[in-house]
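Please keep the coordinates open while reading.

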Amino acid sequence: MNETDNQSRAEEDDLRTARWSPAKLWVAVGTGIAVVATAWLIYSYHQSDAAASAAPDALPEVIVSKPLVWEVDSRLGFLGQFSAVDHLEFRAQVGGTLTGIHFKDGDIVQQGDLLFTIDTRPYEIRLAQANAQLETATARLVLADRDLYRAQVLKQSGNLAITEQTVDQRTTNQRAAQAAVDDAKAQIRDAQFDLEHCRIAAPFTGRIGTHLVSVGNLIAGSRAATSPTTLLATLVSLDPIYLNFDMSEADFLIFSRNRARVKEGTADKVEIALSDETKFARQGALDFVDNVLNRSSGTIHARATVPNPNRLLTPGEFARVRLVVGAPMQALLVPDTAILPDQSQHSVMTVASDGTVVPKQVEIGDLRGGLRVIRSGLMPNDQVIIDGIPHAAPGAKVAPHGGTIRYAAAGQEKG
């Protein structure tokens, strides 16, 4: 029974297989291939469409703008250092024991203020001796005058006891007595000079430094500084104050030509900004330019005088100096960040009409309104890359977007 059933099933399977003709098989295979091809074409179409839409987005984006055209005057910039107009080292002209210090270290002292006192007793004794010497010399002079007068009267009366030699001798004695009086008076003046210089006062108004000798020390003095002397303190004036700086040879030539052309003295006015200031709000007057260039540095020394009524400016402090050397003229300006240094040269990246990055070599000037002056190498219609420079390689394609270059408020520039 089981074997018969199995045999029947096998015969039915063979009959089903025999029903599939070759033609039907080929139709089935062709249908499958068509389905697969259609799916592949649809997939390829979507991929190419996505790639086409993504291609423009793949270009680096940069911000571009035309250079800003602005009217600026020609300026030269320098780094300067303040120094005192008057600088004094206090050294005593007389020696002795320091008996008093009459100021606080760092004080502003006025002209005539007493600063140091030296023990006066040795010089008072010397003055008393000179006065006593004068009294003695004066008494001798009076006696010599009388002797000479009597000798002259007797000689004229014909007294044979008074010879010409006697008159000459008494004349010599009178002259010697007069010389002794003159010497005594000189000794008095000398003693008075020493006594007066036991008190040391400020010769001008300024700021005094720390005292370098304490009370009770024996100090050395000298009138002509022919021997070592003791430094007591230093004093510097504050108002006005000098600002010293050096010009290169090229800058000096620009300055000299402009100074010869401008008669109203514009080239003698300087603008100043301290290290923590962004505005050039301080003014000064250029009052000295040296008469020879330094061979080793190739620079020439210059100096401006600056008012300092509030005494904020201090000798030794640094400041930026700006010297106007030309009339206003139009110039091209770009952000300083848009300029790429290349050893001793500079360049900016521009974008051509087809989106290609084109580098241009430029000559730069100083900073104005937070922007860098371009002296040459750039045209007013050039599209300068002002943002996105790291993504802009020369010759590469970029996607430019318009931007704006803005000039800062007057006096805000640092250069």
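Predicted model: local features only at pLDDT ≥ 70, side-chain atom pairs only at ≥ 80, totals over all residues.

Residues are numbered from 1 along each chain as its sequence is written, and side-chain values use heavy atoms, with hydrogens and water left out.

**Nonpolar cores**

- A nonpolar core is a set of buried Ala, Val, Leu, Ile, Met, Phe, Trp, Tyr and Cys residues joined through side-chain atoms within 4.5 Å; buried means under 20% relative accessible area, exposed over 50%, and partly exposed in between (1.4 Å probe, protein chains only).
- The largest such core has 26 residues, and Val-62, Ile-374, Leu-378, Val-384 and Ile-385 have the most contacts inside it.
- Elements giving two or more residues to this core include β1 (61-65), β2 (68-72) and β22 (384-387), while β17 gives the most, with 4 residues.
- Strands (E, at least two residues) and helices (H or I, at least four) are DSSP runs, numbered from the N terminus.
- Beyond its neighbours within four places in sequence, Val-62 is in contact (heavy atoms within 4.5 Å) with residues including Val-351, Ile-385, Ala-392 and His-401.
- A second, separate core of 23 residues includes Phe-78, Met-247, Ala-319 and Leu-323.

**Aromatic pairs**

- The structure holds 4 aromatic pairs; rings of Phe, Tyr and Trp (its six-membered ring) pair if their centres lie within 6.5 Å, with planes under 30 degrees apart counted as stacked, over 60 as edge-to-face and the rest as tilted.
- Trp-70 and Tyr-407 are stacked, at 4.2 Å centre to centre and 10 degrees between the planes.
- Trp-70 lies in strand β2 and Tyr-407 in the segment after β23 (399-402), 337 residues apart.
- Both are partly exposed, Trp-70 at 36% relative accessible area and Tyr-407 at 23%.
- Phe-103 and Phe-116 form an edge-to-face pair, because their centres are 5.3 Å apart and their planes at 80 degrees.
- Phe-103 is buried at 11%, and Phe-116 is buried at 0%.
- Phe-90, Phe-103 and Phe-116 are linked into a cluster by ring pairs.

**Charges over rings**

- A charge sits over a ring if NZ of Lys or CZ of Arg is within 6 Å of the ring centre and within 35 degrees of the ring normal.
- Arg-303 has its charged end over the ring of Tyr-242, 3.9 Å from the centre.
- Arg-322 has its charged end over the ring of Phe-280, 4.1 Å from the centre.

**Backbone**

- Asp-239 and Pro-240 are joined by a cis peptide bond, with omega about 0 degrees.
- Arg-311 has a positive phi, near 60 degrees.
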